[in-house]
Amino acid sequence: MLVSLPGLAHAAGPAIEILTTEGCSCCIGWSRHLQGQGYATDVHKLPSDELQRRKLRLGMKRELASCHTGLIGGYVIEGHVPAREITRLLSERPDAIGLAVPDMPLGSPGMGEGSSNAEPYDVLLLHKNGTTEVFARYR
């Protein structure tokens, strides 16, 4: 069952549905990052096993997984993907499943963005055939 988190839906631009689990504060941080960039967010809490099943059904590979999954414009957004890359994805409309930032890199949106200890990370484009390519690099 999907349950919306009150106060996190934000009337703004394009809407992104965020699937997460109970008590994940970095997911809330990512939602706030998106809202600050003009996206409306609708956050839903799921049991962990249901979230993992949904990720797999959407075509997300386990090795690309993070703590939350976004859905927007027919694409899957996995993990702490910056709003700028979501905007680019929606503008370019590649034939792909979506974008992923595997794991939870320090300094990514929702994970201490702007931190002096920021880790380098890549935003990956996940093709429908299961391959990936670097969509953007953050250093």
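A residue is called buried under 20% relative accessible area, exposed over 50%, and partly exposed in between. The legends below apply these classes to a predicted model.

**View 1. Asp122 and its salt bridge to Arg137.** D122 has a relative accessible area of 21%, so this residue falls in the partly exposed class. The closest N and O atoms of the R137–D122 salt bridge are 3.1 Å apart. Because R137 belongs to strand β8 (residues 132–138) and D122 to strand β7 (residues 121–127), the contact ties together parts that are 15 residues apart in sequence.

**View 2. Asp122 and its salt bridge to Arg139.** The side chain of D122 also meets that of R139 in a salt bridge, with an N to O distance of 3.0 Å. R139 sits in the segment after β8, whereas D122 is in strand β7, so this pair ties together parts 17 residues apart in sequence. R139 counts as exposed, with 66% relative accessibility.

**View 3. The Arg84–Glu85 salt bridge.** The side chains of R84 and E85 form a salt bridge at 3.5 Å, N to O. R84 is exposed at 59% relative accessibility. E85, in contrast, has a relative accessible area of 6% and is therefore buried, the limit being 20%.

**View 4. A salt-bridge network.** Salt bridges link D49, E50, R53 and R57 in a network. Side chains of opposite charge can pair when their charged atoms come close. In the model, the count of salt bridges comes to 12.

Notes:
Residues numbered from 1 in each chain as written. Predicted model: local features only at pLDDT ≥ 70, side-chain atom pairs only at ≥ 80, totals over all residues. Heavy atoms only, no water. Salt bridge = Lys/Arg side-chain N within 4 Å of Asp/Glu carboxyl O. Buried < 20%, exposed > 50% of the residue type's maximum accessible area, 1.4 Å probe, protein only. Helix = DSSP H or I, 4+ residues; strand = E, 2+ residues; numbered from the N terminus.
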